[in-house]
Amino acid sequence: YPVSDLHDVLPELVRAACDALSVPNHGRIPHRISFWDEPGELVLSLSAAPTADQVIVQLDEWAAWGDAEYGRPAVRSFGSRSMSRLAFARAVAECLQAVRAAHALADYEARWNHPFPVELHDQLQRLLKAAHAQRKRRP
């Protein structure tokens, strides 16, 4: 799917991943991340799962920006699944790393009209390291 450069979605996505790993309360969920695809949008929704270490991830497509807010039905739902908060954060980190490896920071900004979220990416990496260290300490 092509994504519009009119909306800077990466910081929203990284904040959601950081929030999923943050303590206390295992982060602030829900999140709604909109990937504008002129004139429609893809919406990645995160909601709380029955267990504290999980998050429910759902992806839907709308025909026009704002249709979700107006209660119009999605054009297509790609479904939802429950996954660990750590797995979600890792997936976001892997995507960011791939984008960062493929584009120099200046090239990224020239292409997308927004700077790459370096500080948020670094914050996510620190949270992932802390989560990994905490998992290693568990019996």
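Predicted model: local features only at pLDDT ≥ 70, side-chain atom pairs only at ≥ 80, totals over all residues.
Helices α1 and α2 pack against each other. Helix α1 covers residues 10-21, and helix α2 covers residues 85-102. The angle between them is about 150°, and their axes lie 8 Å apart. The crossing is left-handed. On the α1 side, the contact is made by L10, L13, V14, A16, A17, A20 and L21. These residues meet R85, L86, F88, A89, V92 and L96 of α2. By residue class, the contact of α1 with α2 comprises twelve nonpolar residues, no polar residues and one charged residue.

The structure contains one aromatic pair. Its members are Y108 and F116, with ring centres 5.4 Å apart. The ring planes stand at 85°, so the pair is classed as edge-to-face. Y108 is buried, at a relative accessible area of 6%. F116 is also buried, with a value of 7%. A charge-over-ring arrangement involves R111 and W112. Here R111 lies over the face of W112, at 4.1 Å from the ring centre.

S77 belongs to strand β4, which spans residues 76-84. The relative accessible area of S77 is 46%, so this residue counts as partly exposed. S77 and L59 are 18 residues apart along the chain, yet their C-alpha atoms are separated by 6.2 Å. With neighbours within four places in sequence set aside, S77 is in contact with Q58, L59 and D60.

Notes: Residues numbered from 1 in each chain as written. Heavy atoms only, no water. Axes fitted to C-alpha atoms, helices over the stretch in contact; angles between N-to-C directions. Helix = DSSP H or I, 4+ residues; strand = E, 2+ residues; numbered from the N terminus. Left-handed = near helix turned anticlockwise from the far one by under 90°. Contact = heavy atoms within 4.5 Å. Nonpolar A, V, L, I, M, F, W, Y, C, P; charged D, E, K, R; others polar. Phe/Tyr/Trp six-rings, centres within 6.5 Å; stacked < 30°, edge-to-face > 60°. Buried < 20%, exposed > 50% of the residue type's maximum accessible area, 1.4 Å probe, protein only. Lys NZ or Arg CZ within 6 Å of the ring centre and 35° of its normal.
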